Amino acid sequence: MSVREILRMGDPRLLRQAEPVKAFGTPELQSLIDDMFDTMHAANGAGLAAPQIGVNLQLVIFGFKHNPRYPDAPAVPETILINPVLTPLASDQEEGWEGCLSVPGLRGMVPRWTRLQYEGFDQHGQRISRDAEGFHARVVQHECDHLAGILYPMRIKDFSRFGYTDILFPGLDANDD
Ligand code: NI
């Protein structure tokens, strides 16, 4: 297990369409997932997508009990989600602040579906199907966007609400991003 380098915005590898995972339950897949958790935890991330460490597979991880980068966010179950498909469950969207380990030091206000179903597989090939709302739904949408080569700044509508984390949130202990 090891902490991997996180690619930063501007790297063309963040802009690719990721490939589906075809082999489940392999040591290689488990090793990749272990590295992703080490990398996410080292950076206090709420989630991480495989393309962010240069692996072009449809694999995301997310979840935390308490996250210092999002101190007001409710807990999100720790999840490994492979080959995901997202389906909105309501037509409404809401705006919320997001950051990204690939866009260090910045936050932006991003519209997302408020409620959705996500489906996919875990590392053993077991099917996952879950409904999510609020910050949980936001994190899933953010991470799965990485699999389509989309970074959150591409979804910002109002650039007056895009800026440096330490200016926007002076008290926030988030100097690691
Ligand atoms: Ni991100």
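1. Two strands are taken as paired if DSSP finds at least two bridges between them; helices (H or I, at least four residues) and strands (E, at least two) are DSSP runs, numbered from the N terminus. On that basis, strand E6 (residues 115-121) and strand E7 (residues 127-133) run antiparallel and are joined by 7 bridges. Tyr118 stands opposite Arg130 in E7. The two strands form a hairpin with 5 residues between them, and Gly125 in the turn has a positive phi of about 90°.

2. On provenance: this is a predicted model, in which local features need pLDDT of at least 70 and side-chain atom pairs count only at pLDDT 80 or more, while totals for chains, interfaces and linings use all residues. Residues are numbered from 1 along each chain as its sequence is written, and side-chain values use heavy atoms, with hydrogens and water left out.

3. E4 is joined to strand E5 (residues 106-113) by 6 bridges, and Trp97 stands opposite Met109 in E5.

4. Glu94 is located in strand E4 (residues 93-98). Its relative accessible area is 38%, so Glu94 is partly exposed (buried means under 20%, exposed over 50%, partly exposed in between, with a 1.4 Å probe and protein chains only). Leaving aside neighbours within four places in sequence, Glu94 is in contact (heavy atoms within 4.5 Å) with residues including Val110, Arg112 and Arg138. The C-alpha atoms of Glu94 and Trp113 are separated by 6.5 Å.

5. The nickel ion is coordinated by Cys100 (SG), His142 (NE2) and His146 (NE2), at 2.1 to 2.3 Å. Donors are N, O and S atoms within 2.8 Å of the metal (3.2 Å for Na, K and Ca); water is not among the atoms, so sites may look incomplete. The donor spacing in sequence is C-x41-H-x3-H. Both histidines lie in helix H2 (residues 134-146), 4 residues apart, about one turn of the helix. His142 is buried at 7% relative accessible area, and His146 is buried at 3%.

6. The largest nonpolar core has 20 residues, and those with the most contacts inside it include Val60, Phe62, Phe64 and Phe135. Such a core is a set of buried Ala, Val, Leu, Ile, Met, Phe, Trp, Tyr and Cys residues joined through side-chain atoms within 4.5 Å. H2 gives the most to this core, with 5 residues. A second, separate core has 18 residues, among them Val21, Met36, Leu59 and Ile82.

7. There are 7 aromatic pairs; rings of Phe, Tyr and Trp (its six-membered ring) pair if their centres lie within 6.5 Å, with planes under 30 degrees apart counted as stacked, over 60 as edge-to-face and the rest as tilted. Phe64 and Phe135 are edge-to-face, 6.1 Å centre to centre with 70° between the planes. Phe64 is in strand E2 and Phe135 in helix H2, so this pair ties together parts 71 residues apart in sequence. Phe64, Tyr70 and Phe135 form one aromatic cluster.
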